[in-house]
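Please consider the structure shown below.

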Amino acid sequence: MGAQINDEAFEGFSVAAPSTRPPKCSNPPKRKEWRQLSKPQRLAYLDAVKCLTTTKSITSFNNTLNRFDDFQAVHNSQTDQIHFVGFFILWHRYFVATYEKALREECGYRGAQPYWNVSQDATLTDINTLRSFDTEIFDPRYGFGGNGEYAEHTPANNPLNISGGTGGGCVQDGPFREGHFVTNFPTRSCLKRDFIPWIFNTFGQQSVVDSVQSQPDYATWALAIEGIPSFDVPNIHASGHFGVGGVLGQAGNAYNSPGEPLFYLHHGNLDRIFWEWQQQDLATRLRQVGGPVAPFDYGGVNVTLDFEVDIGELSGRVPLSQLMDIKGGFLCYEY
Ligand SMILES: [Cu+2]
């Protein structure tokens, strides 16, 4: 007993290296597509998300009341630095893994972060008529509920004049319906959705994913998965964001998209696609990064493995080298 206390005291005085060594990854949670979960597993996940909304905030932002808000606020505060950069996919990998950790460690969730393979739902058949996608993802009991109530799209609230928004108001069914779920940051709001079927369906095609996966190196791959801010060129990232959030919903808002609980399933899917691409040549792709440090600065200074991403009060600062392997460094999960 006495010896143990001495050891601990000694640890306290030692340099940081031993205590910052990441723990070994054993028993990684296995992430599955939403529909691969049993119904009790789906309910357990939805309950854990609701639990985050009733667990006190740990961040110092104004208006964050709970742990769910914390994640939205951190993303919001960094939006202008973490998109259209070389570390986009790795920042979001770290962010989703930290959310998964919060669900497990703070809300007693025993499963893994599920993902939503949007390509499984993207269909071109009823592209302009579909109001509510017919998918178990939006199931009112075992899913995330459906579209928002219809709200008028005007030049004031739709300045880019994006066509095809079919909702825009508060979600009316499911666990995140109006009166049962709010986001508090930056201001209090119901969860809004504004399904845009043509974007979801054309951008979500498996062929779009296939062309991303054919990219030969990290920098071109990273650009392909994120896409460019244009509705003329299909990209898989925009499919989940604008297909669900459209013009007026949280998912379609670059700053506040993590206010949409499906954000974590959509980005889980992008991460799964990343890991599948990495596995095509793992030896190389566990160590290959690239793309700009500064937004849109293609051809400028590129990120390296030493480049650090920082999700602040959620989990701090980590070099990209620690985020390359989903079962090593700071990460511990699998697909
Ligand atoms: Cu983002």
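The paragraphs below treat the disulfides and then a glutamate.

The model is predicted. A search of the whole structure finds 3 disulfides. With the bonded cysteines numbered in sequence order, their pairing reads 1-6, 2-3, 4-5.

One of these bonds joins C25 to C332, with an S to S distance of 2.0 Å. C25 lies in the loop between helix 2 (17–20) and helix 3 (39–52), and C332 in the segment after strand 4 (317–319), so the bond ties together parts that are 307 residues apart in sequence. The torsion about the S-S bond of C25 and C332 is about 80 degrees, and the disulfide is therefore right-handed. C25 is partly exposed, at 23% relative accessibility, and C332 is also partly exposed, at 27%.

A further disulfide is formed by C51 and C107, whose sulfur atoms are 1.9 Å apart. The link of C51 and C107 is left-handed, with -85 degrees about the S-S bond. C107 has a relative accessible area of 16%; because buried means under 20%, C107 counts as buried.

C170 and C190 form another disulfide, their sulfur atoms 2.1 Å apart. The torsion of about -80 degrees makes the disulfide of C170 and C190 left-handed. C170 is buried at 13% relative accessibility, as is C190 at 12%.

The glutamate is E226, located in helix 8 (residues 218–226). E226 is buried, with a relative accessible area of 4%. Its contacts include H83, F84, V85 and F88. A polar atom of the E226 side chain lies 2.8 Å from the backbone nitrogen of F84.

Notes. Residues are numbered from 1 along each chain as its sequence is written. This is a predicted model: local features need pLDDT of at least 70, side-chain atom pairs count only at pLDDT 80 or more; totals for chains, interfaces and linings use all residues. Side-chain values use heavy atoms; hydrogens and water are left out. Helices (H or I, at least four residues) and strands (E, at least two) are DSSP runs, numbered from the N terminus. Buried means under 20% relative accessible area, exposed over 50%, partly exposed in between (1.4 Å probe, protein chains only). Contact means heavy atoms within 4.5 Å. A polar contact is a pair of N or O atoms within 3.5 Å; within protein, one must be able to donate a hydrogen and the other to accept it, and residues adjacent in sequence count only if both atoms are side-chain atoms. A disulfide is a pair of cysteine sulfur atoms within 2.5 Å. Lists of a residue's contacts leave out its neighbours within four places in sequence.
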